[in-house]
Amino acid sequence: MKSTFPNIKTIAYEGPNSKNPLAFKHYQADEIVEGKTMREHLRFAVVYWHTFRGTGSDPFGAGTMQRPWDDGSNSVANAQKRVRVAFEFIQKLGAPYYCWHDRDVAPEGKNLKETNRNFDAVAKVLKAEQQRTGTKLLWGTANLFSHPRFVHGASTSCNADVFAFAACQVKKAMEVTHELGGEGYTFWGGREGYMTLLNTDMKREQEHLAKFLHLAVAHKKAIGFKGQFYIEPKPKEPTKHQYDSDAAACLNFLREYDLLPHFKLNIETNHATLAGHTMQHDLEVAGAAGALGSIDANTGDELLGWDTDQFPTNIYLTTYTMLSVLKYGGFKTGGVNFDAKVRRESFEPVDLFYAHIGGMDAFARGLKIAAAIRKDGRLAEFVKQRYSSWESGIGAKIEAGKVGFKELETYMLKKGEVTPNVSGRQEFLENLINEFI
Ligand code: XUL
Ligand code: CO
(Lines give C-alpha, C1' and ligand atoms only; values in the text may rest on other atoms or scores of the structure.)
(Ligands and ions follow the chains in the order given, each with its own letter.)
Protein backbone atom coordinates (compact mmCIF):
# COMPACT_ATOMS: atom_id res chain seq x y z
CA MET A 1 0.00 0.00 0.00
CA LYS A 2 1.12 3.56 -0.74
CA SER A 3 2.45 5.40 2.32
CA THR A 4 0.18 8.04 3.83
CA PHE A 5 3.02 9.78 5.65
CA PRO A 6 5.87 9.47 3.11
CA ASN A 7 7.80 12.39 4.56
CA ILE A 8 7.79 11.05 8.10
CA LYS A 9 10.29 8.38 9.02
CA THR A 10 9.97 6.05 11.99
CA ILE A 11 10.28 8.29 15.05
CA ALA A 12 13.71 7.72 16.58
CA TYR A 13 15.26 8.58 19.92
CA GLU A 14 17.75 11.43 19.42
CA GLY A 15 18.31 12.49 23.03
CA PRO A 16 17.57 15.68 24.98
CA ASN A 17 19.76 17.92 22.82
CA SER A 18 17.95 17.14 19.57
CA LYS A 19 16.03 19.97 17.95
CA ASN A 20 14.15 17.61 15.65
CA PRO A 21 10.42 17.89 16.47
CA LEU A 22 9.85 14.44 14.95
CA ALA A 23 12.22 12.67 17.34
CA PHE A 24 12.02 11.46 20.93
CA LYS A 25 14.12 13.42 23.40
CA HIS A 26 13.43 11.17 26.38
CA TYR A 27 11.54 8.04 25.31
CA GLN A 28 14.08 5.40 24.46
CA ALA A 29 12.09 2.18 24.22
CA ASP A 30 14.96 -0.15 25.16
CA GLU A 31 16.38 1.93 28.02
CA ILE A 32 16.22 0.05 31.31
CA VAL A 33 14.57 1.72 34.27
CA GLU A 34 14.13 -0.23 37.52
CA GLY A 35 14.98 -3.46 35.74
CA LYS A 36 12.51 -3.16 32.83
CA THR A 37 12.60 -1.40 29.48
CA MET A 38 10.66 1.81 29.05
CA ARG A 39 8.56 0.00 26.46
CA GLU A 40 7.57 -2.58 29.10
CA HIS A 41 6.90 0.02 31.78
CA LEU A 42 4.82 2.44 29.76
CA ARG A 43 3.00 0.18 27.31
CA PHE A 44 1.84 3.15 25.21
CA ALA A 45 -1.42 2.88 23.32
CA VAL A 46 -2.91 5.08 20.59
CA VAL A 47 -6.68 5.57 20.67
CA TYR A 48 -8.61 5.02 17.51
CA TRP A 49 -11.48 7.36 18.41
CA HIS A 50 -9.66 10.66 18.80
CA THR A 51 -6.68 10.00 16.58
CA PHE A 52 -8.43 8.48 13.58
CA ARG A 53 -12.05 9.55 14.02
CA GLY A 54 -11.72 12.94 15.68
CA THR A 55 -13.04 15.67 13.38
CA GLY A 56 -12.18 18.72 15.46
CA SER A 57 -15.83 19.76 15.72
CA ASP A 58 -16.99 21.51 18.88
CA PRO A 59 -20.43 22.77 20.00
CA PHE A 60 -19.80 26.00 18.06
CA GLY A 61 -18.28 24.80 14.84
CA ALA A 62 -17.75 22.05 12.31
CA GLY A 63 -14.78 19.75 11.98
CA THR A 64 -11.43 21.20 10.96
CA MET A 65 -9.16 18.16 10.67
CA GLN A 66 -7.34 17.56 7.39
CA ARG A 67 -7.40 13.80 6.89
CA PRO A 68 -6.82 13.39 3.13
CA TRP A 69 -6.92 9.58 3.32
CA ASP A 70 -10.48 9.61 4.62
CA ASP A 71 -13.29 10.04 2.03
CA GLY A 72 -15.67 11.08 4.79
CA SER A 73 -18.14 8.32 3.96
CA ASN A 74 -19.51 5.73 6.33
CA SER A 75 -18.58 2.86 4.02
CA VAL A 76 -16.85 -0.32 5.09
CA ALA A 77 -14.23 0.25 2.38
CA ASN A 78 -13.35 3.65 3.86
CA ALA A 79 -13.18 2.10 7.33
CA GLN A 80 -10.82 -0.61 6.06
CA LYS A 81 -8.61 1.93 4.32
CA ARG A 82 -8.47 3.98 7.52
CA VAL A 83 -7.18 0.92 9.41
CA ARG A 84 -4.14 0.72 7.16
CA VAL A 85 -3.42 4.42 7.68
CA ALA A 86 -3.82 3.98 11.44
CA PHE A 87 -1.33 1.15 11.56
CA GLU A 88 1.23 3.06 9.49
CA PHE A 89 0.91 5.90 12.01
CA ILE A 90 1.15 3.64 15.08
CA GLN A 91 4.11 1.77 13.64
CA LYS A 92 6.02 4.95 12.76
CA LEU A 93 5.38 6.24 16.26
CA GLY A 94 6.56 3.00 17.82
CA ALA A 95 3.60 2.61 20.19
CA PRO A 96 3.16 -1.08 20.95
CA TYR A 97 -0.62 -0.90 21.52
CA TYR A 98 -3.87 0.66 20.37
CA CYS A 99 -7.45 0.78 21.67
CA TRP A 100 -10.88 1.13 20.02
CA HIS A 101 -14.61 1.40 20.46
CA ASP A 102 -16.55 -0.91 18.14
CA ARG A 103 -18.08 2.06 16.32
CA ASP A 104 -14.74 3.86 15.78
CA VAL A 105 -13.43 1.09 13.64
CA ALA A 106 -16.56 0.00 11.76
CA PRO A 107 -19.76 1.78 10.72
CA GLU A 108 -23.16 1.02 12.20
CA GLY A 109 -25.43 -0.75 9.68
CA LYS A 110 -29.21 -0.59 9.26
CA ASN A 111 -29.73 -3.27 11.91
CA LEU A 112 -27.70 -5.31 14.39
CA LYS A 113 -26.99 -8.05 11.87
CA GLU A 114 -25.55 -5.69 9.29
CA THR A 115 -23.63 -3.78 11.97
CA ASN A 116 -21.99 -7.00 13.17
CA ARG A 117 -21.14 -7.91 9.59
CA ASN A 118 -19.47 -4.52 9.06
CA PHE A 119 -17.52 -5.00 12.27
CA ASP A 120 -16.30 -8.44 11.19
CA ALA A 121 -15.20 -7.08 7.80
CA VAL A 122 -13.09 -4.37 9.45
CA ALA A 123 -11.85 -6.67 12.23
CA LYS A 124 -10.34 -8.87 9.54
CA VAL A 125 -8.19 -5.96 8.39
CA LEU A 126 -7.35 -5.03 11.99
CA LYS A 127 -6.11 -8.56 12.55
CA ALA A 128 -4.03 -8.56 9.38
CA GLU A 129 -2.51 -5.17 10.23
CA GLN A 130 -1.77 -6.28 13.82
CA GLN A 131 0.07 -9.27 12.41
CA ARG A 132 1.89 -7.22 9.76
CA THR A 133 3.12 -4.56 12.21
CA GLY A 134 3.24 -6.40 15.55
CA THR A 135 0.96 -3.77 17.11
CA LYS A 136 -1.26 -5.23 19.83
CA LEU A 137 -4.68 -4.38 21.18
CA LEU A 138 -4.48 -3.04 24.75
CA TRP A 139 -8.26 -3.05 25.12
CA GLY A 140 -11.48 -2.85 23.23
CA THR A 141 -14.74 -1.24 24.28
CA ALA A 142 -18.25 -0.65 22.98
CA ASN A 143 -19.71 2.74 22.19
CA LEU A 144 -22.97 2.69 24.14
CA PHE A 145 -23.55 6.43 24.08
CA SER A 146 -23.46 8.01 20.58
CA HIS A 147 -26.52 6.45 18.95
CA PRO A 148 -29.90 8.06 19.82
CA ARG A 149 -31.17 4.71 21.14
CA PHE A 150 -28.91 5.31 24.17
CA VAL A 151 -30.59 8.61 25.00
CA HIS A 152 -31.53 7.32 28.49
CA GLY A 153 -28.38 5.26 28.97
CA ALA A 154 -27.52 1.70 27.98
CA SER A 155 -27.66 -0.89 30.77
CA THR A 156 -29.29 1.76 33.00
CA SER A 157 -31.91 2.74 30.43
CA CYS A 158 -35.56 2.74 31.48
CA ASN A 159 -36.17 0.75 28.27
CA ALA A 160 -35.39 -2.98 28.64
CA ASP A 161 -34.85 -3.30 24.88
CA VAL A 162 -31.96 -0.87 25.13
CA PHE A 163 -30.37 -3.06 27.80
CA ALA A 164 -30.76 -6.01 25.42
CA PHE A 165 -29.25 -4.13 22.48
CA ALA A 166 -26.32 -2.94 24.60
CA ALA A 167 -25.73 -6.52 25.73
CA CYS A 168 -25.51 -7.66 22.10
CA GLN A 169 -23.06 -4.88 21.36
CA VAL A 170 -20.81 -5.71 24.32
CA LYS A 171 -21.02 -9.42 23.52
CA LYS A 172 -19.79 -8.75 20.00
CA ALA A 173 -17.12 -6.22 21.07
CA MET A 174 -15.78 -8.71 23.63
CA GLU A 175 -15.66 -11.45 21.03
CA VAL A 176 -13.78 -9.25 18.55
CA THR A 177 -11.42 -8.13 21.32
CA HIS A 178 -10.79 -11.79 22.11
CA GLU A 179 -10.25 -12.64 18.43
CA LEU A 180 -7.70 -9.81 18.14
CA GLY A 181 -5.80 -10.98 21.23
CA GLY A 182 -6.82 -7.93 23.27
CA GLU A 183 -5.24 -7.75 26.72
CA GLY A 184 -8.26 -6.10 28.27
CA TYR A 185 -11.79 -4.84 27.85
CA THR A 186 -13.04 -1.52 29.21
CA PHE A 187 -16.42 -0.39 30.47
CA TRP A 188 -16.82 3.37 30.56
CA GLY A 189 -20.15 4.64 31.83
CA GLY A 190 -21.18 6.50 28.68
CA ARG A 191 -24.66 7.69 29.58
CA GLU A 192 -24.99 5.46 32.66
CA GLY A 193 -26.24 8.09 35.07
CA TYR A 194 -29.09 10.57 35.24
CA MET A 195 -30.00 14.06 34.11
CA THR A 196 -32.72 14.49 36.75
CA LEU A 197 -33.72 12.38 39.73
CA LEU A 198 -37.35 13.36 39.08
CA ASN A 199 -37.60 10.64 36.41
CA THR A 200 -35.00 8.21 37.78
CA ASP A 201 -35.21 5.04 39.86
CA MET A 202 -31.57 5.14 40.88
CA LYS A 203 -31.52 1.88 42.83
CA ARG A 204 -33.07 -0.03 39.96
CA GLU A 205 -30.68 1.51 37.43
CA GLN A 206 -27.65 0.60 39.50
CA GLU A 207 -28.91 -2.95 39.93
CA HIS A 208 -29.28 -3.17 36.16
CA LEU A 209 -25.73 -1.92 35.67
CA ALA A 210 -24.49 -4.59 38.07
CA LYS A 211 -26.59 -7.25 36.31
CA PHE A 212 -25.10 -6.16 32.97
CA LEU A 213 -21.55 -6.47 34.28
CA HIS A 214 -22.29 -9.90 35.77
CA LEU A 215 -23.59 -11.02 32.37
CA ALA A 216 -20.36 -9.74 30.79
CA VAL A 217 -18.31 -11.69 33.36
CA ALA A 218 -20.31 -14.83 32.51
CA HIS A 219 -19.81 -14.30 28.78
CA LYS A 220 -16.09 -13.76 29.31
CA LYS A 221 -15.93 -17.17 30.89
CA ALA A 222 -18.10 -18.71 28.18
CA ILE A 223 -15.80 -17.57 25.36
CA GLY A 224 -12.57 -18.17 27.28
CA PHE A 225 -11.45 -14.54 27.15
CA LYS A 226 -8.62 -14.11 29.66
CA GLY A 227 -8.12 -10.34 29.32
CA GLN A 228 -8.62 -7.92 32.20
CA PHE A 229 -11.94 -6.08 32.64
CA TYR A 230 -11.69 -2.39 33.52
CA ILE A 231 -14.12 0.24 34.72
CA GLU A 232 -13.23 3.82 33.82
CA PRO A 233 -14.47 6.39 36.34
CA LYS A 234 -15.81 9.76 35.17
CA PRO A 235 -17.92 12.19 37.22
CA LYS A 236 -19.95 14.12 34.66
CA GLU A 237 -20.40 14.50 30.93
CA PRO A 238 -22.57 13.58 29.30
CA THR A 239 -25.00 13.16 32.21
CA LYS A 240 -25.27 15.43 35.24
CA HIS A 241 -24.34 12.48 37.43
CA GLN A 242 -22.47 9.42 36.16
CA TYR A 243 -22.74 6.34 38.38
CA ASP A 244 -19.01 5.59 37.91
CA SER A 245 -18.13 9.05 39.20
CA ASP A 246 -14.68 8.42 40.65
CA ALA A 247 -12.40 5.59 41.76
CA ALA A 248 -13.94 5.38 45.23
CA ALA A 249 -17.51 5.29 43.87
CA CYS A 250 -16.55 2.56 41.37
CA LEU A 251 -14.89 0.45 44.06
CA ASN A 252 -17.89 0.80 46.34
CA PHE A 253 -20.22 -0.22 43.50
CA LEU A 254 -18.06 -3.21 42.56
CA ARG A 255 -17.90 -4.36 46.19
CA GLU A 256 -21.62 -3.92 46.79
CA TYR A 257 -22.47 -6.10 43.81
CA ASP A 258 -19.73 -8.73 44.24
CA LEU A 259 -17.91 -7.64 41.10
CA LEU A 260 -14.59 -6.53 42.60
CA PRO A 261 -12.66 -9.75 41.80
CA HIS A 262 -13.48 -9.33 38.11
CA PHE A 263 -12.55 -5.68 37.55
CA LYS A 264 -9.69 -3.24 37.84
CA LEU A 265 -9.89 0.49 37.25
CA ASN A 266 -8.77 2.46 34.22
CA ILE A 267 -7.99 5.89 35.68
CA GLU A 268 -8.18 8.90 33.36
CA THR A 269 -6.43 12.12 34.34
CA ASN A 270 -9.04 14.67 33.34
CA HIS A 271 -11.85 12.53 34.72
CA ALA A 272 -10.10 12.56 38.09
CA THR A 273 -9.74 16.34 38.00
CA LEU A 274 -13.37 16.81 36.93
CA ALA A 275 -14.25 14.78 40.05
CA GLY A 276 -12.36 17.32 42.14
CA HIS A 277 -9.37 15.05 42.67
CA THR A 278 -5.83 14.87 41.39
CA MET A 279 -4.83 12.01 39.12
CA GLN A 280 -2.52 10.87 41.91
CA HIS A 281 -5.45 10.72 44.33
CA ASP A 282 -7.50 8.39 42.13
CA LEU A 283 -4.44 6.26 41.37
CA GLU A 284 -3.80 5.90 45.11
CA VAL A 285 -7.44 5.01 45.79
CA ALA A 286 -7.32 2.34 43.08
CA GLY A 287 -3.85 1.13 44.02
CA ALA A 288 -4.67 0.77 47.72
CA ALA A 289 -7.59 -1.50 46.77
CA GLY A 290 -5.35 -3.61 44.53
CA ALA A 291 -7.41 -2.39 41.57
CA LEU A 292 -5.05 -0.12 39.63
CA GLY A 293 -5.24 -1.56 36.13
CA SER A 294 -4.51 0.97 33.43
CA ILE A 295 -4.56 4.69 32.71
CA ASP A 296 -6.11 6.94 30.10
CA ALA A 297 -3.41 9.57 29.80
CA ASN A 298 -4.50 13.11 29.06
CA THR A 299 -4.99 16.39 30.85
CA GLY A 300 -7.59 19.11 31.16
CA ASP A 301 -7.23 22.87 30.95
CA GLU A 302 -7.13 24.62 34.33
CA LEU A 303 -9.48 27.32 33.06
CA LEU A 304 -11.99 25.12 31.26
CA GLY A 305 -14.40 23.01 33.26
CA TRP A 306 -15.03 20.25 30.76
CA ASP A 307 -13.31 17.16 29.45
CA THR A 308 -10.85 18.73 27.02
CA ASP A 309 -8.82 15.52 26.54
CA GLN A 310 -5.51 17.28 25.87
CA PHE A 311 -2.21 15.53 25.44
CA PRO A 312 -0.25 15.38 28.70
CA THR A 313 2.94 17.47 28.70
CA ASN A 314 3.18 18.46 32.36
CA ILE A 315 6.20 16.75 33.93
CA TYR A 316 4.83 17.05 37.47
CA LEU A 317 1.69 15.22 36.37
CA THR A 318 3.61 12.40 34.68
CA THR A 319 6.04 12.17 37.62
CA TYR A 320 3.28 11.83 40.22
CA THR A 321 1.44 9.39 37.97
CA MET A 322 4.50 7.18 37.54
CA LEU A 323 5.35 7.40 41.26
CA SER A 324 1.98 5.81 42.01
CA VAL A 325 2.17 3.32 39.14
CA LEU A 326 5.64 2.13 40.25
CA LYS A 327 4.55 2.04 43.89
CA TYR A 328 1.79 -0.44 43.03
CA GLY A 329 4.07 -2.67 40.99
CA GLY A 330 3.67 -1.22 37.48
CA PHE A 331 1.27 -2.13 34.70
CA LYS A 332 0.46 -5.79 34.14
CA THR A 333 -2.25 -5.91 31.49
CA GLY A 334 -2.76 -2.14 31.36
CA GLY A 335 -0.71 0.71 29.96
CA VAL A 336 -0.53 4.41 29.16
CA ASN A 337 -3.38 4.92 26.71
CA PHE A 338 -3.49 8.41 25.15
CA ASP A 339 -7.18 9.18 25.41
CA ALA A 340 -6.29 12.61 24.07
CA LYS A 341 -7.02 14.66 20.99
CA VAL A 342 -5.15 17.35 19.11
CA ARG A 343 -6.70 20.80 19.45
CA ARG A 344 -9.23 21.89 16.82
CA GLU A 345 -6.67 24.42 15.66
CA SER A 346 -3.99 21.70 15.18
CA PHE A 347 -5.60 20.27 12.08
CA GLU A 348 -2.69 18.94 10.01
CA PRO A 349 -1.80 15.23 10.06
CA VAL A 350 1.71 16.00 11.34
CA ASP A 351 0.14 17.43 14.52
CA LEU A 352 -0.89 13.88 15.41
CA PHE A 353 2.79 12.96 15.48
CA TYR A 354 3.84 16.00 17.52
CA ALA A 355 1.06 15.33 20.05
CA HIS A 356 1.94 11.69 20.64
CA ILE A 357 5.70 12.29 20.66
CA GLY A 358 5.19 14.99 23.32
CA GLY A 359 3.01 12.72 25.44
CA MET A 360 5.43 9.81 25.19
CA ASP A 361 8.39 12.00 26.07
CA ALA A 362 6.52 13.52 29.01
CA PHE A 363 5.78 10.03 30.36
CA ALA A 364 9.35 8.85 29.73
CA ARG A 365 10.59 11.79 31.80
CA GLY A 366 8.00 11.12 34.48
CA LEU A 367 9.12 7.50 34.65
CA LYS A 368 12.80 8.38 34.91
CA ILE A 369 12.19 11.10 37.50
CA ALA A 370 9.94 8.83 39.56
CA ALA A 371 12.57 6.08 39.47
CA ALA A 372 15.25 8.58 40.57
CA ILE A 373 13.10 9.77 43.48
CA ARG A 374 12.54 6.16 44.52
CA LYS A 375 16.25 5.36 44.26
CA ASP A 376 17.16 8.43 46.29
CA GLY A 377 14.81 7.15 49.00
CA ARG A 378 14.42 10.37 51.00
CA LEU A 379 10.73 10.78 50.15
CA ALA A 380 9.82 7.22 51.14
CA GLU A 381 11.98 7.46 54.27
CA PHE A 382 10.23 10.67 55.31
CA VAL A 383 6.81 9.02 55.01
CA LYS A 384 8.04 5.95 56.88
CA GLN A 385 9.42 8.10 59.72
CA ARG A 386 6.20 10.09 59.84
CA TYR A 387 4.31 6.94 60.85
CA SER A 388 7.00 5.51 63.14
CA SER A 389 4.76 5.77 66.21
CA TRP A 390 2.83 2.81 64.77
CA GLU A 391 5.86 0.53 64.63
CA SER A 392 6.06 -0.23 68.36
CA GLY A 393 4.38 0.52 71.69
CA ILE A 394 0.77 1.62 71.70
CA GLY A 395 0.65 2.10 67.89
CA ALA A 396 1.65 -1.50 67.22
CA LYS A 397 -0.88 -2.69 69.82
CA ILE A 398 -3.72 -0.71 68.15
CA GLU A 399 -2.84 -2.03 64.71
CA ALA A 400 -2.66 -5.58 66.01
CA GLY A 401 -6.11 -5.23 67.59
CA LYS A 402 -4.74 -5.87 71.08
CA VAL A 403 -6.30 -2.86 72.80
CA GLY A 404 -9.78 -1.36 73.11
CA PHE A 405 -11.07 2.02 74.31
CA LYS A 406 -10.66 0.88 77.94
CA GLU A 407 -6.96 0.03 77.57
CA LEU A 408 -6.39 3.22 75.57
CA GLU A 409 -7.94 5.20 78.41
CA THR A 410 -5.66 3.51 80.96
CA TYR A 411 -2.68 4.28 78.70
CA MET A 412 -3.54 7.93 78.21
CA LEU A 413 -4.56 8.61 81.80
CA LYS A 414 -1.13 7.45 82.81
CA LYS A 415 0.66 9.39 80.05
CA GLY A 416 -1.42 12.56 80.44
CA GLU A 417 -0.69 14.14 77.01
CA VAL A 418 0.33 12.99 73.55
CA THR A 419 3.91 12.90 72.31
CA PRO A 420 4.47 16.26 70.57
CA ASN A 421 3.60 16.24 66.84
CA VAL A 422 6.30 16.96 64.29
CA SER A 423 6.08 19.11 61.16
CA GLY A 424 4.51 17.72 57.96
CA ARG A 425 7.23 19.56 55.97
CA GLN A 426 5.19 20.00 52.82
CA GLU A 427 7.42 22.77 51.45
CA PHE A 428 10.56 20.74 52.19
CA LEU A 429 9.07 17.81 50.26
CA GLU A 430 7.96 19.99 47.34
CA ASN A 431 11.52 21.33 47.13
CA LEU A 432 12.81 17.76 47.23
CA ILE A 433 10.63 16.84 44.22
CA ASN A 434 11.95 19.91 42.39
CA GLU A 435 15.51 18.66 42.86
CA PHE A 436 14.62 15.89 40.41
CA ILE A 437 12.54 17.79 37.85
C1 XUL B 1 -14.89 9.37 27.62
C2 XUL B 1 -13.76 8.46 27.61
C3 XUL B 1 -13.92 7.28 26.72
C4 XUL B 1 -13.43 6.00 27.29
C5 XUL B 1 -13.76 4.81 26.45
O6 XUL B 1 -14.70 10.49 28.39
O7 XUL B 1 -12.77 8.68 28.25
O8 XUL B 1 -13.29 7.59 25.53
O9 XUL B 1 -12.06 6.03 27.49
O10 XUL B 1 -15.12 4.69 26.21
CO1 CO C 1 -11.05 7.50 28.49
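Is Asp258 buried or exposed? In this predicted model, Asp258 is exposed, because its relative accessible area is 58% (exposed means over 50%, buried under 20%, and partly exposed in between, with a 1.4 Å probe and protein chains only). Residues are numbered from 1 along each chain as its sequence is written, and chains are lettered from A and ligands numbered from 1 in the order in which they are written. Because the model is predicted, local features need pLDDT of at least 70 and side-chain atom pairs pLDDT 80 or more, while totals for chains, interfaces and linings use all residues; side-chain values use heavy atoms, with hydrogens and water left out.

The protein chain is divided into domain 1 (12-376) and domain 2 (389-436), with bounds that come from an automatic or database domain assignment. Taken over C-alpha atoms, the centres of domain 1 and domain 2 are separated by 41 Å.

The metal site comes next. The cobalt ion (ligand 2) is coordinated by Glu232 (OE), Glu268 (OE), Asp296 (OD) and Asp339 (OD), at 1.9 to 2.2 Å. Donors here are N, O and S atoms within 2.8 Å of the metal (3.2 Å for Na, K and Ca); water is not among the atoms, so sites may look incomplete. The arrangement is octahedral because the 6 donor atoms around the cobalt ion (ligand 2) subtend angles of 78 to 174° (six donors count as octahedral if opposite donors are over 155 degrees apart and all others between 65 and 115). Ideal angles for six octahedral donors are 90 or 180 degrees. In sequence, the donor residues of the cobalt ion (ligand 2) follow the spacing E-x35-E-x27-D-x42-D. Glu232 lies in strand β10 (residues 228-232) and Asp296 in strand β13 (residues 292-296), so this pair ties together parts that are 64 residues apart in sequence. Strands (E, at least two residues) and helices (H or I, at least four) are DSSP runs, numbered from the N terminus. Glu232 and Asp296 are both buried.

Pro238, in the loop between β10 and β11 (241-242), is joined to Glu237 by a cis peptide bond with omega of about 0°. Asp258, in the loop between α8 (247-256) and β12 (263-268), has phi near 55°, a positive value in a residue other than glycine. Asp309 lies in the loop between β13 and α11 (315-327), and its phi, near 50°, is likewise positive in a residue other than glycine. Whereas Asp258 is exposed, Asp309 is buried, with a relative accessible area of 7%.

Another buried residue is Phe87, at 0% relative accessibility, found in helix α3 (residues 76-93).

Finally, a search of the whole structure finds 3 cavities of 30 Å³ or more. A cavity is a set of points, on a 1 Å grid over the protein atoms alone, where a 1.4 Å probe fits but cannot get out, and lining residues have an atom within 4 Å of a point. The largest cavity has a volume of about 140 Å³, the volume being the space filled by probe spheres set on the points. Its lining comprises 16 residues, of which Leu144, Phe187, Trp188, Gly189 and Glu192 lie nearest the centre. β8 (184-188) and α7 (202-223) each supply at least two residues of this lining, and β8 gives the largest share, 4 residues.

Definitions and conventions. 1 Å grid on protein atoms, 1.4 Å probe; cavity = no way out; pocket = protein on both sides within 12 Å on 5 of 7 lines; lining within 4 Å. Tetrahedral: all angles 85-135°; square planar, octahedral: opposite > 155°, others 65-115°.
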